[in-house]
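Subject: Structure handover and findings

Hello,

Here is the structure for you to look over. My notes follow it.

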Amino acid sequence: MKTLPLGNTDLTVSRLCLGCMTYGEPQRGRHAWTLPEESSRPLIKQALDAGINFFDTANSYSDGSSEEIVGRALKDYARREDIVLATKVYFPMSNLAGGLSRASIMQSIDDSLTRLGTDYVDLLQIHRWDYNTPLEETLEALHDVVKAGKARYIGASSMYAWQFAKALYTADRHGWTRFVSMQDQYNLIQREEEREMHPLCQAENIAVLPWSPLARGRLTRPWGETTARTASDEYGSTLYARSEENDGVIAQRVAAIAEARGVSRAQIALAWLLAKPVVTSPIIGASRAEQLADLVKAVDIELTQEEIAELESVYQPHHVVGFE
């Protein structure tokens, strides 16, 4: 497994990050498709065996049970110093109102550390922008979490570039810990982050960690085909409810290049992301062993400039979705 530094930190991460939203007790969350612990553990072990050292979860995934499952599995299968563990704060929990107030952040990190069974996380990310809390309150609280040794670094996710720039400037002005990563929606049929967010991240040496790199599976199967998860994924349906006419053409081109190379569509879609200098580690999800084994192979695929142009040339502007 290839690796890269996480932005300007001393952390080294695998070129693929295992997203752990899939792992969580179904009865404790809003997603019927999540896997209980006995089904999740073998996949986490498989990821480690494949060289993945970067694991991303959130306090809100399955109301905390994702953190519990991931924490126990990593404790059993890996040394803490060998992995990079990331979680998030923002969305409400059964015992937490949510948001990015000082009280919410302080309670959330303590609860997350308990569920994960660790003294610290490597990366604490704000899951969304909080319009109801002063930015200074949020940033100072995150700074205090880092100073207390409960998180090594902080990251952000899905916001406007002007908001991220304001957060970086405000942290610098006060001497507070600044964000080192941006987790945003980025794939072949949703490339709006290329306009402002990614140039900002490249200029500031911010690691980009794309979520939904396969467009919720839409780039991995015939266009319009659905799955059980697609049918029950209410949030996912909002992300791609307003697809453009050429999205299907892009998916067809992914399929054609994959067929010509004798690899899967998922590998081509991921290889395109990995070819972008601003991208550090796309966040992949896997619910089956063969699926995870397939995705890992994308790291070794190098697309030609002609193939990249073929994939990109018909893209049309999209509405920004995934945040407000």
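A definition to begin with: buried means under 20% relative accessible area, exposed means over 50%, and partly exposed is in between (1.4 Å probe, protein chains only). By that scale Glu-290 is exposed, with a relative accessible area of 51%.

Two notes on the source. This is a predicted model, in which local features need pLDDT of at least 70, side-chain atom pairs count only at pLDDT 80 or more, and totals for chains, interfaces and linings use all residues. Residues are numbered from 1 along each chain as its sequence is written, and side-chain values use heavy atoms, with hydrogens and water left out.

Salt bridges

Side chains of opposite charge can pair when their charged atoms come close. A salt bridge here is a side-chain nitrogen of Lys or Arg within 4 Å of a carboxyl oxygen of Asp or Glu. The whole structure has 21 of them.

Glu-290 pairs with Arg-288, with 3.1 Å between the closest N and O atoms. Arg-288 is partly exposed at 42% relative accessibility.

Arg-152 and Asp-10 form another salt bridge, at 2.9 Å from N to O. Arg-152 sits in strand S7, and Asp-10 is in the loop between strand S1 (3–5) and strand S2 (12–14), so the pair ties together parts that are 142 residues apart in sequence. Helices (H or I, at least four residues) and strands (E, at least two) are DSSP runs, numbered from the N terminus. Arg-152 is partly exposed, at 34% relative accessible area. Asp-10 is exposed, at 54%. Both residues belong to a salt-bridge network that links Asp-10, Arg-80, Asp-122 and Arg-152.

Glu-68 and Arg-28 also pair, their closest N and O atoms being 2.8 Å apart. Glu-68 lies in helix H2, while Arg-28 is in the loop between strand S3 (17–19) and helix H1 (37–49), so this pair ties together parts that are 40 residues apart in sequence. Arg-28 is partly exposed, with a relative accessible area of 34%.

Cavity and pocket

Rolling a probe the size of a water molecule over the atoms shows where empty space is left. The search uses a 1 Å grid over the protein atoms alone: a cavity is a set of points where a 1.4 Å probe fits but cannot get out, and a pocket is an open set with protein on both sides within 12 Å along at least five of seven lines. Lining residues have an atom within 4 Å of a point. Grid points are joined across faces, edges and corners, and a volume is the space filled by probe spheres set on the points.

There is one cavity of 30 Å³ or more. The largest cavity holds about 70 Å³ of space. Its lining includes Ser-158, Asp-184, Trp-211, Val-320, Gly-322 and Phe-323. By class, that lining has four nonpolar, four polar and three charged residues. Ala, Val, Leu, Ile, Met, Phe, Trp, Tyr, Cys and Pro count as nonpolar, Asp, Glu, Lys and Arg as charged, and the others, Gly among them, as polar.

The second largest pocket has a volume of about 230 Å³. Twelve residues line this pocket, and Phe-91, Arg-128, Gly-322, Phe-323 and Glu-324 lie nearest its centre. Its lining has seven nonpolar, three polar and two charged residues.

Backbone

Ser-158, from the cavity lining, has a positive phi near 45°. Ser-158 is in the loop between strand S7 (151–157) and helix H5 (161–174). Ser-158 is buried, at 2% relative accessibility.

Ser-62 has a positive phi near 50°. Its loop runs between strand S4 (54–56) and helix H2 (65–77). Ser-62 is buried, at 5% relative accessibility.

Cys-20 is in the loop between S3 and H1 and is buried, at 1% relative accessibility. Cys-20 and Val-70 are 50 residues apart in sequence, with their C-alpha atoms 7.5 Å apart.

Pro-134 is in the loop between S6 and H4 and is partly exposed, at 47%. The C-alpha atoms of Pro-134 and Ser-108 are 18 Å apart, across 26 residues of chain.

Best wishes
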